[in-house]
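Colleague: I'm new to reading protein models. Could you walk me through this one, question by question?

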Amino acid sequence: MSEWVQACATDDIDDEDLIRFDHGGRVYAIYKSPEGEFFATAGICTHEHAFLTDGLVMGDIIECPKHNGRFNYKTGAAKGAPVCVNLITHKVKVEGDAVYVNVG
Amino acid sequence: MTTTATARDYSLIGRDSELAVQSGLAAAEWYHTEIPRKTMKELMQRSDGPALRDTAIWFALLIGLAAGGIAFWGGWWAVLFFFGYGTIYGGSADSRWHECGHGTAFKTSWMNDVVYQIACFMVMREPTVWRWSHTRHHTDTIIVGRDPEIVAMRPPDILAMLLNLFSIKHVVVTVGKILLHSTGRLTAEEETFIPEMERGRVYRTARIWLCIHMVPIALSLALQSFIPVLLVGPLPTMYGAWYMVYMGFTQHAGLAENVLDHRLNSRTVYMNPLFRYLYWNMNYHVEHHMFPMVPYYRLPALHEIMKPDTPKPYASTIEAYREIIPAVLRQLRDPEWHVVRQLPATAKPYRPDLHGAAAAAE
């Protein structure tokens, strides 16, 4: 069942950066693209247990801090070894100055 | 500290591999120096400029040294030129393999991939195999039975170490593996760290490499000259390997195994600008292991930030080897012994709770 949860304020994230959001025992990564758009994915790398929020956002790519594995955070697509499994993405909406994530 | 020596099983499919998993050393949580996110973001930033400059110089050196070797062929000057050429080809290509394998040298992805493929060929490390092997090395650095890249095992195999000064063992083993991979098979150990979806790539690359390796051989035969095989293929990998080995041994040799703190199992060694250019700052090895997303040109800055939290760096490779050689020789008779790195008073202490049963017993 889908549920919209407030994750953060729009100003909480710098452009081309991300923050961690924990909810219901799960870790999410909330991104702000260089163009100021918001996205959300699972917060843990699909390769090994590493928090993507310690990684680097470059354009539409998130690089995992553990082994430099890269994903497109807009689509979740794994961009090459060592990441082979796509990230789960979550819908995001902005209302006022709050960012909401669909955690369903 | 326990004094009962146990024979280590470094195989990835042996006893100690299972032991590492059971004792929580495999894919574990490692110590990290605390660095504010804002600072980390700045340190992680990539740009193409430094690597483009360094790679242009690198290719210019290769071409210039090769030209010199050819021009002076038959005389003693040629030996010097080929020595230099081999040092770049079989020696410093190691650092290019490493940094571009991490994807951190260039900001532009495909540039990392191109230099990675070239460097892999030069040091005879199959690109897909070694990408996964290096990934495992970073996950389980110097964890016995898990890390496929431990070069200084205990007790040390001195003969193997000496043979690898010229990459003899490495090249022979790699040729065997390339032949195996070209038939569509992996070794049992490789199956433990190369996922199935990547194996086709291994087989394809092995077949391509076999074809490429035929070219200098065919040219040498056709021209009745050693020059082609001295310039491309296993020979320059071998006669240039000394530099890679000299640098590479400083990374971990003689230090702790089976610990979850890179300050205990890695070295940072200060080097002169020439060495650092050839080694692409891999001498900042504690820093690199703790934060592999920081590109080589920002490792000195990371080092300065981490200094209060890390052991004193070695002043030079000579100082490092003054420790490494006696350590390795001592491990011949006492394989349980290792160098313990001391932390400054400003550092967070080592955490025995991270180091598993082996360290807890010390």
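Predicted model: local features only at pLDDT ≥ 70, side-chain atom pairs only at ≥ 80, totals over all residues.

Colleague: What handedness does the crossing of H3(B) and H4(B) have?

Modeller: Look at where the two helices touch: B:Trp58, B:Leu61 and B:Gly69 are among the H3(B) residues that meet H4(B) residues, including B:Phe81, B:Tyr85 and B:Ile88. As H3(B) passes H4(B) there, the crossing is left-handed.

Colleague: How many charged residues are in the contact of H3(B) with H4(B)?

Modeller: Sort the residues of this contact by class. There are 11 nonpolar and 3 polar residues. For charged residues, the count is none: there are no charged ones.

Colleague: H4(B) has another partner, H5(B). At roughly what angle do the axes of H4(B) and H5(B) cross?

Modeller: Helix H5 of chain B covers residues 109-123. Its crossing with H4(B) is left-handed. The axes come within 8 Å and cross at roughly 145°.

Colleague: How many charged residues does the contact of H4(B) with H5(B) have?

Modeller: From H4(B), the residues involved include B:Asp94, B:Arg96 and B:Trp97, and they meet H5(B) residues, among them B:Val115, B:Tyr116 and B:Cys120. By class, this contact has 10 nonpolar and 3 polar residues. The charged residues number 2.

Colleague: Now H8(B) and H10(B): how do they lie relative to each other?

Modeller: Helix H10 of chain B runs over residues 199-223, and its axis comes within 8 Å of the axis of H8(B). The two axes cross at roughly 120°. H8(B) and H10(B) are therefore oblique.

Colleague: Which residues of H8(B) make that contact?

Modeller: The crossing of H8(B) and H10(B) is left-handed. On the H10(B) side, the contact includes B:Val202, B:Tyr203 and B:Trp209. By class, the contact has 6 nonpolar, 2 polar and 1 charged residues. On the H8(B) side, the residues are B:Ile178, B:His181 and B:Ser182.

Colleague: Is B:Ile168 buried, exposed or partly exposed?

Modeller: B:Ile168 is found in helix H8 (residues 168-182) of chain B. Around B:Ile168 there are 15 other C-beta atoms within 10 Å. A buried residue needs 20 or more and an exposed one has 12 or fewer, so B:Ile168 is partly exposed.

Colleague: Let's zoom out. What radius of gyration does chain B have?

Modeller: Chain B has 19 helices and 0 strands, and its C-alpha trace spans about 65 × 40 × 40 Å along its principal axes. Buried residues make up 44% of its 362 residues. A compact globule with 362 residues would have a radius of gyration near 21 Å, and chain B agrees, with 21 Å.

Colleague: What about chain A: how many strands does it have?

Modeller: Read along the sequence, chain A follows the pattern β-β-β-β-β-β-β-β-β-β. Its C-alpha trace spans about 40 × 30 × 20 Å along the principal axes, and buried residues make up 39% of its 104 residues. Chain A has 0 helices, and its strands number 10.

Colleague: Last one: where chain B touches chain A, which element of chain B gives the most residues?

Modeller: The contact takes 17 residues from chain B and 14 residues from chain A. On the chain B side, the elements giving two or more residues are helix H2 (37-44) and helix H6 (127-139). That side divides into 7 nonpolar, 6 polar and 4 charged residues. The element that gives the most, with 5 residues, is H6(B).

Notes:
Residues numbered from 1 in each chain as written. Chains lettered and ligands numbered in written order. Contact = placed C-beta atoms within 7 Å. Helix = DSSP H or I, 4+ residues; strand = E, 2+ residues; numbered from the N terminus. Nonpolar A, V, L, I, M, F, W, Y, C, P; charged D, E, K, R; others polar. Left-handed = near helix turned anticlockwise from the far one by under 90°. Rg over C-alpha atoms; globule rule 2.2 N^0.38 Å. Axes fitted to C-alpha atoms, helices over the stretch in contact; angles between N-to-C directions. Parallel < 35°, antiparallel > 145°, perpendicular 65-115°, else oblique.
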